[in-house]
Amino acid sequence: MLSPGLSVSLLAVSCALWPAAAVRAASCESVRIPLCRSMPWNMTKMPNHLHHSTQDNAVLAIEQFEGLLGTGCSPDLLFFLCAMYAPICTIDFQHEPIKPCKAVCERAKNGCEPVMKRYNHSWPDSLACSELPLYDRGVCISPEAIVKAEGPDPYYQDPARCNPESSPDFPMDSNNLHCSKPSGDRCKCKNVKMSLKNYMKSNYNYVIRVRVREVRNHGLEPTAVVEVKEVIKSSLVNIPKETQTLYYSSSCLCPPLTPGEDYLIMGYENEETSRLLLIDTSIAQRWKEKMGRKVKRWNQIVRSREQSRH
């Protein structure tokens, strides 16, 4: 059991200080999830407590909470989410990552669920506090168990996230939902070039022609509702020609979409949830007839190169 005097941050660093062979044996890996880099541990293990097999999958899920984090509804929310999505990994607990304590979950839930309910959301079943251990009856972590090093507190620093409630029109006014960088600048969507080189490098799971019906930003799960006109590529998920929901990875709404316009969209699929994802490296270009023909040629080139390798 972790005692109140035990330094969780030292436990995390101990994993990084072991020889490389030992770290590989424990399957520890460096925390790469941006939201969790301020945590007092630097090593994690996948799958996490939400059964995400990789950090790439986990980051898409945890970023749905950016808007909620921006409200400041609970100082424990970020700690709790990172303990679930990027759990601490140590040599001593290599078989099963340590869970956050039940009390941490309850504090985060009690502070934030009222905010969620105002926008017709409830606390997710996957983050149920009842499934977590009590501090005095099992191994778990909480902010109180961390012995802080000298200097500024790395956990309670302002995460510099967007504050959706800064606008009286929340959650409908997307102009007030840009995430802020530490410099204070609003985030900017990447201008991903539509080229054969980038197409092959990015390995998009789906390419579709759509008409955008609506773009929704409800804090936890920004989405775009589209009508699928043509499916040019689909790798993992069956995409019928009907209304579909595309899920943004953050409240920055990248790439941007304008309702009423036709687009060629390239993105990724989550096979486990059958979701079509939009991340900052996805492409959304206003539709032109030559685009469809171009992508079909690119698909032929990709297949020919794959066959030549075999």
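Select F79 to start: at 0% relative accessibility this residue counts as buried, a label given to residues under 20% relative accessible area, with exposed meaning over 50% and partly exposed in between (1.4 Å probe, protein chains only). The model is predicted, so local features need pLDDT of at least 70 and side-chain atom pairs count only at pLDDT 80 or more, while totals for chains, interfaces and linings use all residues. Residues are numbered from 1 along each chain as its sequence is written, and side-chain values use heavy atoms, with hydrogens and water left out.

**Aromatic pairs**

The structure holds six aromatic pairs; rings of Phe, Tyr and Trp (its six-membered ring) pair if their centres lie within 6.5 Å, and planes under 30 degrees apart count as stacked, over 60 as edge-to-face and the rest as tilted. W41 sits in the loop between β1 and β2 and F79 in helix α5, so the pair ties together parts that are 38 residues apart in sequence. Helices (H or I, at least four residues) and strands (E, at least two) are DSSP runs, numbered from the N terminus. W41 is also buried, with a relative accessible area of 2%.

Next, select Y204 and Y268. Their ring centres are 5.3 Å apart and their planes at 45°, so this pair is tilted. Y204 belongs to the loop between α7 (196-202) and β5 (206-216) and Y268 to strand β8, so parts 64 residues apart in sequence are tied together. Both Y204 and Y268 are buried.

**Helix α3**

Six of the eight residues of α3 are buried, so this helix is largely enclosed by the rest of the structure. To display them, pick Q55, A58, V59, L60, A61 and I62. They pack against β1 (29-30), β2, α4 (66-70), α5 (77-85) and β9 (275-278), where contact means heavy atoms within 4.5 Å.

**Backbone exceptions**

Most residues other than glycine have a negative phi, and most peptide bonds are trans. In the loop between β2 (43-44) and α3 (55-62), go to P47; the peptide bond from M46 to P47 is cis, with omega near 0°. H51 is in the loop between β2 and α3 and has a phi near 70°. H51 is exposed, with a relative accessible area of 63%.

Move on to N120, in the loop between α6 (102-118) and β4 (140-141). N120 has a positive phi of about 65° and is exposed, at 74% relative accessible area.
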